[in-house]
Amino acid sequence: MIDFNRKLLRNIDLSVLLLTLLLIGVGLIAITSATNFGLQGSYSITFLRTQITATILGLLMIIGVMLIDYRWLKEYAGFIYFGTLVVLGITLVLGRTVSGSKSWIFFGPVRFQPSELAKLAIIIVLAAFIADREDEMKYLFGMLKACMLTAFPVLLILAQNDLGTALVFIGILIGMLYVGGGNAKLITIVLVVSVTCVMILVILSIHFDFNLPLLKSYQLKRLQVLIDPYLDPFGYGYNIIQSEIAIGSGRMWGKGLFKGTQNKLQFLPEKHTDFIFPVIGEEFGFIGAIIVLCLYLALLLRSLVIAREARDSFGTLVVVGIIAMWVFHILENVGMTMGIMPITGIPLPFLSYGGSSMVTNMIAVGMIMNIRMRKHKILF
């Protein structure tokens with residue numbers, strides 16, 4: 001299981017770790033600002049301490065993950081899959097509800113969201129499945145098998161009332177199918193038709209006042225205010241409006257650290273978690289926001305290079321799955337704060353407050369570094 005040799009140290013990619021730590025540093029600064037409530041400033045220490053603790057735990061997890069040969073994960077993909085389903089099922093029965101989603105397990109004062117780690121589990125499972133069936137992925141039946149494999153955890157997460165996380169799994173599946181030999185034309189057609197049909201139905205629902213099947217009323221409202229947030233400016237559209245004001249008011253250079261009025265006057269909702277990006281946009285302006293996005297871009301591009309250099313298709317697909325996960329999170333989170341994507345409540349990787357998200361993303365970093373370390377066969 002444990003496979004580590006001094007020769008592996010030559011292949012450690014410190015650029016991935018450095019970019020990760022830079023993003024975490026920006027996140028810690030933004031969280032400190034977002035949770036500084038004036039007379040209640042002590043709360044800032046609590047949030048910051050929790051995030052730093054999660055970061056330290058994540059660094060330890062990176063070290064632990066790097067000690068294990070990633071190919072071992074492929075051998076136990078079946079156990080990982082069924083173990084994930086069991087844990088998600090237990091969460092559905094015994095979990096607690098936080099912010100409307102029954103997706104949390106509490107261990108005394110510590111709470112954890114199993115669906116976060118389930119993302120990495122499904123990446124491993126899909127990578128193992130697709131790597132052994134690359135020829136099958138060219139055909140519809142082969143892709144449907146991969147879809148069915150993803151469907152069970154998605155249904156369990158939907159049952160937990162967590163649509164945002166469920167959509168991340170679909171983004172991961174699409175990215176891995178594209179790279180894993182899936183029929184790109186068919187995938188694109190299905191994706192474009194699906195999104196187009198949903199948006200047409202949402203527009204019609206605004207004019208003719210009807211509900212869409214499979215969507216709850218609040219989920220439909222979130223899609224409707226995407227078209228026009230002023231349909232419900234003090235309800236479902238409030239978050240989008242306040243977020244756009246915060247980002248726009250930062251202009252080029254921002255108002256300065258701890259000087260964001262939307263932030264300090266409590267107009268900006270969930271500002272330390274889902275809406276951390278508007279805090280950065282307001283206080284550091286367009287330049288600060290662009291720097292953050294460039295850090296993400298550099299991390300994604302470096303990860304893409306590692307995926308191409310991986311010694312086997314399983315390693316390539318694992319890295320691609322992680323990239324797809326991050327891309328979906330970044331596009332959805334930043335997009336929803338700018339009013340171009342629906343609000344789903346998923347965090348911004350490495351920046352948003354949240355121990356489960358932080359630990360999961362840092363394990364993902366460890367997996368990427370692991371695959372980079374073992375890109376060549378080591379001769380003993």
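Trainee: How many bridges join strand S1 to strand S2, and do the strands run parallel or antiparallel?

Mentor: Please bear in mind that this is a predicted model. In general, the strands of a sheet pair through backbone hydrogen bonds, in either a parallel or an antiparallel sense. Here S1 (residues 96–98) and S2 (residues 101–107) run antiparallel and are joined by 2 bridges. Within this pair, Val98 stands opposite Ser101 of S2.

Trainee: What lies between S1 and S2?

Mentor: The two strands form a hairpin with 2 residues between them. In that turn, Ser99 has a positive phi of about 55 degrees.

Trainee: Which strand pairs with S2 over 3 bridges?

Mentor: That strand is S3 (residues 110–112), and its pairing with S2 is antiparallel. Ile105 has Phe112 in S3 as its bridge partner. S2 and S3 also form a hairpin with 2 residues between the strands, where Gly108 takes a positive phi near 65 degrees.

Trainee: What is the order of the strands in the sheet?

Mentor: The order is S1-S2-S3, in an open sheet of 3 strands with antiparallel pairing. S1 and S3 each have a single partner strand and stand at the edges, so one side of each has no neighbour in the sheet. From one strand to the next, the twist averages 50 degrees. As for side chains, in a regular strand they alternate between the two faces of the sheet.

Trainee: Which helix lies across S1 and S2?

Mentor: Helix H4 (residues 77–94) does, and it runs at about 95 degrees to S2.

Trainee: Let us turn to helix packing. At what angle do helices H7 and H13 pack?

Mentor: Helix H7 (residues 163–179) and helix H13 (residues 313–337) pack at about 135 degrees, and their axes are 8 Å apart. The two helices are therefore oblique to each other. Their crossing is right-handed.

Trainee: Which residues make the contact between H7 and H13?

Mentor: From H7, the contributors include Gly164, Leu167, Gly171 and Gly175. From H13, they include Val320, Gly321, Ala324 and Phe328.

Trainee: How many residues of each class does the contact of H7 with H13 have?

Mentor: The contact has 10 nonpolar and 6 polar residues, with no charged residues.

Technical notes:
Residues are numbered from 1 along each chain as its sequence is written. This is a predicted model: local features need pLDDT of at least 70, side-chain atom pairs count only at pLDDT 80 or more; totals for chains, interfaces and linings use all residues. Side-chain values use heavy atoms; hydrogens and water are left out. Axes are lines fitted to C-alpha atoms, for helices over the stretch in contact, and angles run from 0 to 180 degrees between N-to-C directions. Helices (H or I, at least four residues) and strands (E, at least two) are DSSP runs, numbered from the N terminus. Angles under 35 degrees count as roughly parallel, over 145 as roughly antiparallel, 65 to 115 as roughly perpendicular and the rest as oblique. A crossing is left-handed if the near helix is turned anticlockwise from the far one by less than a right angle, and right-handed if clockwise. Contact means heavy atoms within 4.5 Å. Ala, Val, Leu, Ile, Met, Phe, Trp, Tyr, Cys and Pro count as nonpolar, Asp, Glu, Lys and Arg as charged, and the others, Gly among them, as polar. Two strands pair if DSSP finds at least two bridges between them.
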